[in-house]
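Have a look at the sequence and the model, then work through the exercises.

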Amino acid sequence: MSDPSHPENRQSGKLELRQTNCSVIQTNRFLFILSVNAAAMEEVRETSAWVARNSSHVTIDSSGLEKVVESMKESIPKVEWDYEGIHYFDNGPLTVQYLFVLDALNFCFWPDKDLNYDHLAKGLKEALLNDHSAFDADRLQKYTGPQLRELLKWPRSLPLEEERVRLLHEVGFELERSFEGKASKLVESCGKSAVKLVALVTRHFPGFRDHSMYKGHQVFLYKRAQIFAADLWGAFKGQGYGEFNDIGSITMFADYIVPAVLQQLGVLKYSSTLANAIQASSEIGAGTEEEVELRACSIFAVEKMRELLSIKCGKQVLSVELDLWLWSVGVQCPSLQHHRTLSIYY
């Protein structure tokens, strides 16, 4: 419905003046939206860098980082997005819906030692193959914990099951309210900008607003919102729904696997207190200094790796690609000891 208060719908003395005013207003609005979208990713980089500079429990070892970069400069490892063949893909809108549901639920597997990301990805894939309406927006709003377990063919309660169900309801409700029930409409509205997509997701879906307070400063991490853009880019191979003209703006995705890999590689160093807590498999509270530092310092370290590699190789290196490689190394190492935090964000 037309809004009579909107500048474009108000009456003015002359048609020429009204058209001129409209173009100025539209231009200002466009520039404002661009600045807000760009700010979303700059906030991730800048606040992570601030944490790294003021960190008490996690430090970045410059020499260790340079050694890793030196070992990679001749051949940067490339990992295919679906190298295990566990994701649903039909090259269309249903794949976008699948990926958004997947990324809404992609967090905190560690409390169940038998559960991992593969179970989620494959379980959702099989559910969609059996019933193409399984992720329709109206159905997402009605799932219960037992129904989600049945969908995934999981024999017992999922970690943070009530939160997972709540997030499914949130996704279904907001998709129906603002995007005709379709995640593809959400993606289409971003104008081939991964940064704008992250901004839209975090604006419309509170469950994706991944940020913390650290020493009086707000820190933005946006793991699942960013990984949605990266999953689209990887699944569609940079085409169609995965075509983004600014994929290089996306950072790595701060979870509990990549920090552990960076520590093993000698890029991150932990205080003895933090190292002992991880060694003992003690839970580290969400929002604590230790937890925020593990995630933010990982983002900052991978950004530094990307910058150094780009200089040494003379070409653009993407944080998305570095993250996928680091993550793939981690999940193939069963003995990898990572921090344990109960969180809906990763």
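Two exercises with worked solutions follow.

This is a predicted model, in which local features need pLDDT of at least 70 and side-chain atom pairs count only at pLDDT 80 or more, while totals for chains, interfaces and linings use all residues. Residues are numbered from 1 along each chain as its sequence is written, and side-chain values use heavy atoms, leaving out hydrogens and water.

**Exercise 1.** Describe how helix α3 packs against helix α7.

*Step 1.* Two packed helices are described by the angle and the distance between their axes. Here α3 (residues 93-104) and α7 (residues 161-178) have axes that come within 9 Å and cross at roughly 140°. Axes are lines fitted to C-alpha atoms, for helices over the stretch in contact, and angles run from 0 to 180 degrees between N-to-C directions. Helices are DSSP runs (H or I, at least four residues), numbered from the N terminus.

*Step 2.* Now list the contact (heavy atoms within 4.5 Å). From α3 come Q97, F100, V101 and A104, and from α7 come L167, L168, V171 and L175.

**Exercise 2.** Find where K153 lies and decide whether K153 is buried or exposed.

*Step 1.* Most residues other than glycine have a negative phi. K153 is not a glycine, yet its phi is positive, near 55°.

*Step 2.* Locate K153 in the loop between α6 (145-152) and α7.

*Step 3.* With a relative accessible area of 58%, K153 is exposed (buried means under 20%, exposed over 50%, partly exposed in between, with a 1.4 Å probe and protein chains only).

*Step 4.* For comparison, S281 has a positive phi of about 60°, sits in the loop between α12 (272-279) and α13 (289-313), and is partly exposed at 37% relative accessibility.

Methods:
Helices (H or I, at least four residues) and strands (E, at least two) are DSSP runs, numbered from the N terminus.
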